[in-house]
Amino acid sequence: MIEVKGFSFTYPTGSRPALHDIGFEVGPHELCAVVGGSGAGKSTLAGVVSGTIPHLTGGSAEGLVRVNGRDLADIALSGLVGEVGLVMQNPFNQISGARFSVREEIAFGLENMGVPRDEMAARVDTVLHDLGLTKVRDRSPYELSGGQQQLLAIGSVLVMRPTVMVLDEPTSQLDAAGSALVFEALGTLREQGVTTLLIEHRMERLARAADHVLVLDGGMIVAQGSPGEVLADERLEEWGVAPLRYTVAARRAAARGLWPDARPLPVTLDAAAEGFGATVAHLARGDRR
Amino acid sequence: MSTVQNSPHATGNSFVHRLSPLTKLTFAVTVTVCAFAVVDYRWPLLLFCALLLPAAIGAKVVRRFLLMLATFWVPVAAILFVIQGFFFPEAHDVIARFGPLELKSEGVAYALLTALHILVLMGGFFLLLLTTHAATLMSALSERNVSPSLIYIVSAALQIVPTLSRRATRILHAQQARGQVIHGLRGRARALVPLVGPLILGAFTDVGERAAAMETRGFGATRRPTSLITVPDSAVQRSARVAMMLCAVAAVTVNVWGVMR
């Protein structure tokens, strides 16, 4: 579980807060998505919840951040290993650089945690299979494509079975199939009771996967709620977030009286298809009359 | 385990390949120390011909072994002969003249001995590298309680070339996309200057992010680390290592006391 209350943070070299008076909660099994424009504070928030900020960066922090009931201000980063997993935007920087094959790279964290060899091998092989990396298990991490490296970065965290996962744009370098694998893995995590904070640009997938959505703008939370409420908000573009095209199409249709009144604006393709289908059926009935 | 591009390790299943990396490391150190025991050029040559060359042949890596020596040892030996042969201090016995330069026998003898010492040193460690996957060597060191930080530094150093090469390629591509022409020797030389800045600065920038990722994966944890890789070992090999270490101590003793000078 993640609890953030009245949290503000300023980097050591910053003149204004990167995050200002942030507050939200993510319960067990829940997936909270964070969206926002460039410089909104999304990656800073990921660092704060994973404990790397301000532990490794320095800077001034106010307010409360709790993970599984523990105040992060009172815990050293090493105390969170295995409990909170962080997947960063750039997979190249997440590779340890000290392991010679994909399999060894995934095992790196488990080795540091002193996990026995047999258990380690089983966990590594499961993750390789789940993320479709079995074929490249003996290749050097540096020989992988950007997408495969991203999956490797996710796998290297998943293998540690954290109860809280923080993912900072994990699909930014993946193709459609790779993204599908990641979201599939996220679904499995939720079933296992993992709490997830996901920073993501792929709105369609996010709308289907998330329980809550936060919108960050200028270091502040400007909107939060269910994906249906937040992603259909007409101020989304003002906050630097590109809305889904079919949500925009439905809004324009509604302005012309061509969207069913009782139906909320769609944030998934299926809902859009249903809504436009209902409109077409309604118009067809009117024509017949 | 398959060969990875950035490792000199040659895949194989010979007797030498199957030895513990620690046994091969101890052998490399011992044979190097022993080479210095006797001040006679025939002694390191004997060690090379009687121990290292047969081991390389037995491991079926002799071609790569000799190729590595040709690449690394031959230039070093050539430089040694030139510098020591012509400029060895207090040498008098001139054996040839090249214009104002005089080649002296004392310098040639010293260069020969030093070059053969280096041949044994390189031969021992090349044999280790060719028959041992770096990961297995690191695991073996980890099991012997060598500091994880030290192991990390060695492992990362072994991979720094492909890492920097990949980054340099990206930077060069980005610069070419913005109109930089890299053609011919002069073009490549010109491209070097704008490449070095982003290459080095970028590497420093990434250090912070990588450190954070490593911390969240338990690097620096106080628990004793385990290893995924199984390292082969046996009582016979442990005894052999002790015997080799005793040989090395004996060689140092012989050298210090000057018994065989």
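Which residues are buried in helix α10 of chain A? In this predicted model, the helix runs over residues 245–255, and its buried residues are Y246(A), T247(A) and A250(A). Why do these three belong together? They share one side of α10(A), because the arc they cover around the axis is only 105°.

Buried here rests on having 20 or more other C-beta atoms within 10 Å, and exposed on having 12 or fewer. Beyond the helix comes G257(A), a residue with a positive phi, near 75°.

Chain A brings 38 residues to the contact, and chain B brings 36 residues. On the side of chain A that touches chain B, four elements each supply at least two residues: the strand β6 (84–87) and the helices α3 (91–94), α4 (102–112) and α5 (117–130). The one that gives the most is α4(A), with six residues. Sorted by class, this side of chain A holds 16 nonpolar residues, 15 polar ones and seven charged ones.

Finally, look at how chain B is divided. Domain 1 takes in two stretches, 15–141 and 230–257, while domain 2 covers 146–216. Taken over C-alpha atoms, the centres of these two domains of chain B are separated by 33 Å.

Terms used
Residues numbered from 1 in each chain as written. Chains lettered and ligands numbered in written order. Predicted model: local features only at pLDDT ≥ 70, side-chain atom pairs only at ≥ 80, totals over all residues. Contact = placed C-beta atoms within 7 Å. Nonpolar A, V, L, I, M, F, W, Y, C, P; charged D, E, K, R; others polar. Domains from an automatic or database assignment. Arc of directions from axis to C-beta.
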